[in-house]
Amino acid sequence: MVIVMKADLPRDSEELKQVIALAESYPGVTTRMHVVQGATRSLTELYLLGPTHALPAAPFEEFECVEKVVRITEKFRAIGRHGQLEAIGWEYNGVTFSQETLHVFPGVCAVDRRENVEDTFRALAGLGIVTTRAGAYKPRTSPYDFQGLGKECLPWLFELAGKYGIRVIAMEVTHESHIHEIRSALAASGNATGVMLQIGTRNAQNFELLKAVGAQSDMPVLFKRGMGIPLEESLNACEYVASGGNHRIVFGLRGMKTQLGDPHRNFVDFAHVPVVKRMTRMPVCIDPSHSVGRRVVAPDGILDILHVTAQAVIAGANMVLVDVHPRPAEALCDGPQALLLDELPYLMEDVAIARRAYEERTALVRRRAS
Ligand code: PEP
Ligand code: MN
């Protein structure tokens, strides 16, 4: 059971203490308080744990400070909406993430040379973009492929990020030790930037890694859907993160592996943007680069990567993780799917068109409802 308090209730409110005391007076029931700091207000939720099935809602609903009492279904206890819970979102390093916001994260698939990273960050800064991607630890299909520069590149990467005003870097971790390496390097840089810890599709069911990113809450998590497992299993994986205490999770769609082959590297699954938003409280990210996987152009002159991006944004996607590279021929990983730096302004304009269309669509449905 979750008791949702009225917005902006102080943490030390007397009435809140009384609600907690009442809950804990039932045999075996314990409570855990969860404060969500949204963009414009904070929301306090009190989770009642233990034998709560028979607990009556009415005595809690009588408190002035209680907005509603929601019964939690067994599924997706921590990330689910349970029909009534709001997706209020959260903030990290000055950037707000919710099911209403949209952020584009263009960046290199894998960090290689300093000059390539600097050229990329300069281009982003020129467009006012403060979010990017940069892989230091690369999970590769072959052990003979480039494995990423690892922790060696973090000091100069974070220094450059600070120099160009980058606030959040999505960076994959494949082992618990990487979390500590990133945290130490961030601290050594004077927290010049922030990192969103990315769980790659290949680690979607690496439960120990999921527990490790869930056990810390200084950095948010970008979870990428498992490419060959049901959606429900990927959502359960996020539940591992959230049940560990870290509720700042973005759910990433990146295409599914099928036996169907061409035309794309993976079968694009962006029709699930509204599905995940309906089932859970997580903002939803799409990765058009790893799903399409190549720079093919439709007869209308638009790259498939941009077509699928627009399709997801018009359906309400909240984050776009997209590969770019100043010199794709030099890229040590996924060069063939990278957009060019001079395509960045075009990408942003195209995304803005799709976003305006999405906003018009939600305005239309609100008008119909009123
Ligand atoms: C990536 O984003 O660099 C990546 C490897 O993605 P995925 O885990 O979706 O394949
Ligand atoms: Mn890649």
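Predicted model: local features only at pLDDT ≥ 70, side-chain atom pairs only at ≥ 80, totals over all residues.
**Entry 1: where α10 meets α11.** On the α10 side I found Leu-306, Thr-309, Ala-310 and Val-313, and they meet Leu-347, Asp-350, Val-351, Ala-354, Arg-355 and Tyr-358 in α11. Sorting the residues of this contact, I got 7 nonpolar, 1 polar and 2 charged.

**Entry 2: the geometry of the pair.** Next I looked up how the two helices lie. Helix α10 covers residues 304-313 and α11 covers residues 344-369; their axes are 8 Å apart, at an angle of about 30°. Angles under 35 degrees count as roughly parallel, so I noted α10 as roughly parallel to α11. The crossing of the two is right-handed.

**Entry 3: how enclosed is α10?** I checked burial along α10 and found 7 of its 10 residues buried, so the rest of the structure largely encloses this helix. My list of buried residues reads Ile-305, Leu-306, Val-308, Thr-309, Ala-310, Ala-312 and Val-313. What do the buried residues of α10 pack against? I found α8 (273-279), β13 (284-286), α9 (288-292), β14 (319-323) and α11.

**Entry 4: over to a strand.** I then turned to β10, residues 195-199. Here 5 of the 5 residues are buried, so β10 too is largely enclosed by the rest of the structure. I remembered that side chains in a regular strand alternate between the two faces of the sheet. In β10, Val-195, Leu-197 and Ile-199 point one way, while Met-196 and Gln-198 point the other way.

**Entry 5: the neighbour of β10.** Last, I looked up the pairing with β9 (residues 168-172): the two strands run parallel and are joined by 4 bridges. Opposite Val-195 in β10 I found Ile-169.

Notes:
Residues numbered from 1 in each chain as written. Chains lettered and ligands numbered in written order. Axes fitted to C-alpha atoms, helices over the stretch in contact; angles between N-to-C directions. Parallel < 35°, antiparallel > 145°, perpendicular 65-115°, else oblique. Left-handed = near helix turned anticlockwise from the far one by under 90°. Contact = placed C-beta atoms within 7 Å. Nonpolar A, V, L, I, M, F, W, Y, C, P; charged D, E, K, R; others polar. Buried ≥ 20, exposed ≤ 12 C-beta atoms within 10 Å, placed from the backbone. Pairing = 2+ DSSP bridges.
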